[in-house]
Each structure stands twice: as C-alpha cells, then as structure tokens.
Amino acid sequence: WKWQDWRREASLEALKVLARRYCGHPSVTGISVCNEPSDRLPVEVLCEFYRACSVIREAGMPPDEVAIVLPVYRTERLDEIWRHWNRQYDGFARHANVTFDLHLYHCFGPWWQRQSLGNHLRMTKRHRKILRRIPAVVGEWSISRPGDGYTDEEKAEFAARQIAAYNPASH
C-alpha cells in the first residue's frame with residue numbers, strides 16, 4: 001500500500017481501544033504505535049502521528065507503567081526524525097517513558113552485501129554509540145549477514161558483539 005492510503009485516524013482509534021482494554025494489565029509494559037513505516041513516509045507525517053503518545057496516555061496507560069514505542073525503523077532517518085519530533089513537538093521533554101524503535105539488521109540492501117565481517121563488527125560499535133545517546137529499543141535484529149560462507153565461530157562473535165552493543169539501550 002502507499003503511505004498516502006494510511007488511515008492514521010483509524011490507527012489512533014485502534015490504539016485508544018487497545019490502551020483502554022489493557023491499561024492496568026501487569027504483563028503490558030509497552031505499546032508500539034506501528035511497525036516499520038515506509039521510508040517514503042515524510043518525517044513530518046510520521047512525527048505528527050506520534051501524537052499517539054497523548055492518545056495512549058489519555059486512555060489510561062501512565063508512563064510509570066507503560067513505555068510507548070515510536071517507530072524509526074532504520075537508522076538512516078534517525079537524526080532527521082529526532083530533530084523534527086523534538087523541535088516541532090517538544091518530543092522527549094513533553095512525553096515520559098517514550099522510546100524510539102530501531103531495527104538493526106545487517107543483511108538487507110546492497111550496502112550490507114559489500115561489507116566484510118570486520119565492517120559488520122565495526123558497525124555494532126556505531127550502533128552502541130547511537131543507543132547511548134537516545135531513548136531506544138532494538139525491536140528487531142539478527143545474526144544473519146549476506147551469504148552463507150561464515151563459520152559458527154564468526155556467527156557467535158557477531159551475535160556477542162551485537163548483544164554487547166545493544167545492552168546500553170534505554171528500553
């Protein structure tokens with residue numbers, strides 16, 4: 001589907017229903033407002049949709065009980081989304097216990113295809129730096145890399161480096 005077809009108001013209404021239904025439930029500690037928005041979705045539209053924070057809080061999910069997870073998805077747009085949400089909406093200052101959702105895969109796209117194991121390991125250090133400076137959760141990741149030609153030891157090292165890098169995430 002095209003992002004222009006996204007029924008944002010209906011999505012906000014669905015989040016309100018979910019928040020009311022599960023507020024106070026001890027096993028609900030977070031709610032994600034959507035998953036993997038299109039790269040073509042303008043940052044302004046995505047950040048305006050982040051008003052879902054207010055919808056969820058007003059429906060009865062307080063910040064001391066439930067984190068709100070906002071999709072960023074790919075780190076390529078992180079800085080632009082961060083700037084816009086904080087400048088236009090007073091982002092993290094206005095909303096408590098809110099986090100960005102990052103999906104840190106190393107296997108999708110032509111750029112990853114050209115990287116050596118060493119470059120993949122170095123990239124985990126970059127991810128660690130990102131996670132130290134922003135409220136974030138690594139919502140998805142894997143040890144998969146392009147191609148099949150790497151050993152179990154290399155896979156184990158790559159997994160251990162990612163886990164170490166993602167531990168500083170706030171959520």
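## Aromatic pairs

The model contains 11 aromatic pairs, a pair being two rings of Phe, Tyr or Trp (its six-membered ring) with centres within 6.5 Å, called stacked if the planes are under 30 degrees apart, edge-to-face if over 60 and tilted for the rest. The rings of Trp6 and Phe49 are 4.5 Å apart at their centres with planes at 55°, so this pair is tilted. Trp6 belongs to the segment before helix H1 (8-22) and Phe49 to helix H2 (residues 43-49), so the pair ties together parts that are 43 residues apart in sequence. Helices (H or I, at least four residues) and strands (E, at least two) are DSSP runs, numbered from the N terminus. Both Trp6 and Phe49 are buried, where buried means under 20% relative accessible area, exposed over 50% and partly exposed in between (1.4 Å probe, protein chains only).

Trp85 and Phe100 form another tilted pair, at 6.0 Å centre to centre and 55° between the planes. This pair links distant parts of the chain, 15 residues apart, with Trp85 in helix H4 (residues 78-89) and Phe100 in strand E3 (residues 98-103). Trp85 and Phe100 are both buried. Ring pairs also join Tyr50, Trp82, Trp85, Phe92 and Phe100 into a cluster.

## Basis of the description

The structure is a predicted model, in which local features need pLDDT of at least 70 and side-chain atom pairs count only at pLDDT 80 or more, while totals for chains, interfaces and linings use all residues. Residues are numbered from 1 along each chain as its sequence is written, and side-chain values use heavy atoms, with hydrogens and water left out.

## The nonpolar core

The largest nonpolar core has 39 residues, of which Tyr50, Leu70, Trp85, Phe100 and Leu102 touch the most other members. H2 gives the most to this core, with 5 residues. Such a core is a set of buried Ala, Val, Leu, Ile, Met, Phe, Trp, Tyr and Cys residues joined through side-chain atoms within 4.5 Å. In soluble globular proteins, nonpolar side chains tend to be buried together.

Which residues are in contact with Phe100, leaving aside its neighbours within four places in sequence? They are Tyr50, Leu70, Val72, Leu78, Ile81, Trp82, Trp85, Phe92, Ile134, Pro135, Ala136 and Val137, where contact means heavy atoms within 4.5 Å.

H4 has 12 residues and reaches 16 Å from its first C-alpha to its last, close to the 16 Å expected at 1.5 Å a residue; the expected span is 1.5 Å times one less than the number of residues. Leu78, Ile81, His84 and Trp85 are buried in H4. These residues cover an arc of only 140° around the axis, which puts them on the same side of H4. The arc is that of the directions from the helix axis to the C-beta atoms. The cover over the buried residues of H4 includes H2, helix H3 (52-58), strand E2 (67-73), helix H5 (91-94), E3 and H7.

Asp90 lies in the loop between H4 and H5. Its phi is near 60°, a positive value in a residue other than glycine. With a relative accessible area of 44%, Asp90 is partly exposed.

## Helix H8 and its surroundings

Helix H8 (residues 152-166) has 15 residues and spans 21 Å from its first C-alpha to its last, close to the 21 Å expected at 1.5 Å a residue. Its buried residues are Phe158, Ala159, Gln162, Ala165 and Tyr166. They cover an arc of only 130° around the axis, which puts them on the same side of H8. On the other side of H8, Asp152 and Glu153 are exposed. Helix H7 (117-133) and strand E4 (136-140) are included in what covers the buried residues of H8.

Thr124 lies in helix H7 and counts as buried at 3% relative accessibility. Leaving aside neighbours within four places in sequence, Thr124 is in contact with His106, Phe158, Arg161, Gln162 and Ala165.

The charged end of Arg145 sits over the ring of Phe158, 6.0 Å from its centre. Lys155 lies over the face of Tyr150, at 5.5 Å from the ring centre. A charge sits over a ring if NZ of Lys or CZ of Arg is within 6 Å of the ring centre and within 35 degrees of the ring normal.

## Other residues

Glu36 lies in the loop between strand E1 (30-32) and H2. Phi of Glu36 is near 45°, a positive value in a residue other than glycine, and Glu36 counts as partly exposed at 30% relative accessibility.

Lys2 is found in the segment before H1. At 58% relative accessibility, Lys2 counts as exposed. The C-alpha atoms of Lys2 and Ala14 are separated by 20 Å, with the two residues 12 residues apart along the chain.
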